[in-house]
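Let's take a walk through this protein together, one site at a time. Keep the viewer open and turn the model as you read.

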Amino acid sequence: MGNSIRPWGRTTFLKKKTYTTFDGGESLPRLCLELLSEQKKAWQDLREGYELLKDVKERDVRCNGFSVCLQYNPRRIKSSTAVVDEKNTKESRCFLCLDHLPEGQRGVLYRGDYLILCNPMPVFSSHFTVSHLDHRLQAIAEHIGIFLQLAADFCPDWVVLYNGPKCGASAPDHLHFQAAPSRQMPIEKEIHEEKRLTLIKQVDDVLIYRAMGLGREVIILEGEDPIAMENALKNYLNALKKVLLIDEEPMMNIAGFHEGKEWRLMIFPRRKHRPDAFFKERDTRVVVSPGVIDMGGLLITPVEKDFERLDGASVEAIYKEVSLDRMTVEKTIDAIVGNVDLRSLPSLP
Ligand SMILES: [Zn+2]
């Protein structure tokens with residue numbers, strides 16, 4: 001419904017919506033922070049969003065062997081309860097399409113194909129949406145290269161995030177990523193703890209690890225060569241498809257990091273988007289809608305009652321329900337092709 005713009009119209013919209021352009025060479029985080037500060041002045045809704053962020057409450061919850069941080073963020077209620085089935089998204093206006101962006105919203109034109117926009121419902125002190133200029137389906141396989149490039153342009157002090165279309169993406173029919181400051185999600189620290197990572201395989205020059213004892217399944221790919229990294233992620237996507245007997249993109253969330261010359265992709269394979277408790281009535285309902293940030297250990301609760309009552313056991317149960325189970329993940333590791341199996345070797349520190 002009005003989601004496509006005629007080609008001659010795009011240039012006009014784009015010109016109006018471009019704050020500045022990034023083609024490499026400059027500091028991308030600096031440009032984005034400049035954009036954010038300009039947008040807080042020019043766009044009231046964004047200013048309000050960031051003002052409300054000052055009132056969010058956070059609380060650490062100790063689980064068995066790991067921790068999460070609960071964030072009570074009432075402004076996220078809209079995205080947490082968004083109807084994301086295909087029928088509904090087709091019928092509603094796409095909020096990421098150039099011609100539907102709010103009047104005051106502008107962005108950084110990124111390498112010709114994406115517009116980096118300020119998220120008006122932030123979870124972090126700076127929170128960006130990297131949106132493709134065209135209305136096209138959320139999918140990672142064909143866009144791994146740009147995801148890695150984004151990580152290289154934003155990092156090391158930022159993280160780039162991807163939510164699969166059926167497990168956290170707020171616009172499942174419009175390709176987008178997110179960018180936010182790093183070291184905000186508890187998992188980023190936890191994976192550096194002793195014995196957390198087990199090296200399981202090597203494909204080309206990419207090392208594949210499994211993170212242990214975090215209450216949810218996490219696969220980590222590490223390597224310096226972008227082509228090898230892209231192939232390794234595709235390889236793992238295919239392994240998931242093979243084991244799950246599906247053709248479409250397997251449900252998962254990805255956090256991408258880049259430091260020195262090395263990329264690290266943290267993959268959360270998923271079984272479900274929302275836990276059953278989300279669909280319950282009244283008092284038994286728990287409004288959590290886990291996407292990549294929640295899987296990273298920063299669990300957003302837009303309802304105060306949930307923020308107060310969730311404890312270690314209930315958080316563990318949520319992760320267990322929405323993460324792909326251990327047995328299946330073990331099968332997916334076996335299904336990775338062309339690899340050296342390292343599981344018989346002792347794990348690295
Ligand atoms: Zn769109």
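Before we start, please bear in mind that this is a predicted model.

For reference, the ideal angle for four tetrahedral donors is 109.5 degrees. Both cysteines are buried: Cys-94 has a relative accessibility of 5%, and Cys-97 has a relative accessible area of 2%.

Next, turn to strand S12, residues 252-259, where you will find Asn-253. Is this residue buried or exposed? Asn-253 is buried, because its relative accessible area is 0%, and the cut-off for buried is under 20%. Its side chain makes a polar contact of 2.9 Å with the side chain of Asn-163. Beyond its close sequence neighbours, Asn-253 is in contact with a list of residues that includes Tyr-162, Gly-164, Cys-167, Phe-268, Arg-270 and Met-295.

Now look for strand S14, residues 298-301, which is covered on both faces. Leu-298 and Ile-300 are buried on one side, while Leu-299 and Thr-301 are buried on the other. S14 runs parallel to strand S3 (residues 67-72), and 4 bridges join the two.

Helix H3, residues 44-53, gives us a burial pattern of another kind. Its residues Leu-46, Gly-49, Tyr-50 and Leu-53 are buried. Seen down the helix axis, the buried residues of H3 fall within an arc of 90 degrees, so they line one face. The reasoning rests on helix geometry: with 3.6 residues a turn, residues three or four places apart point the same way. What do the buried residues of H3 pack against? They pack against helix H2 (28-42) and strand S5 (114-118).

Loops deserve a visit too. Ile-191 sits in the one between helix H7 (186-190) and strand S9 (197-203). Despite its loop position, Ile-191 is buried, with a relative accessible area of 4%. Its C-alpha atom is 6.8 Å from that of Ala-211, a residue 20 places away along the chain. Ile-191 also touches Leu-197, Leu-214, Ile-220, Arg-264 and Met-266, among others.

Finally, here are some backbone details to check. The peptide bond from Cys-155 to Pro-156 is cis, with omega near 15 degrees, and Pro-156 belongs to the loop between helix H6 (144-154) and strand S7 (158-163). Two residues other than glycine have positive phi: Arg-111, near 45 degrees, and Asp-204, at about 50 degrees. Arg-111 is in the loop between strand S4 (107-110) and S5, whereas Asp-204 lies in the loop between S9 and strand S10 (206-211). Arg-111 is partly exposed, at 29% relative accessible area, and Asp-204 is exposed, at 54%.

Terms used:
Residues are numbered from 1 along each chain as its sequence is written. This is a predicted model: local features need pLDDT of at least 70, side-chain atom pairs count only at pLDDT 80 or more; totals for chains, interfaces and linings use all residues. Side-chain values use heavy atoms; hydrogens and water are left out. Buried means under 20% relative accessible area, exposed over 50%, partly exposed in between (1.4 Å probe, protein chains only). A polar contact is a pair of N or O atoms within 3.5 Å; within protein, one must be able to donate a hydrogen and the other to accept it, and residues adjacent in sequence count only if both atoms are side-chain atoms. Contact means heavy atoms within 4.5 Å. Two strands pair if DSSP finds at least two bridges between them. The arc is that of the directions from the helix axis to the C-beta atoms.
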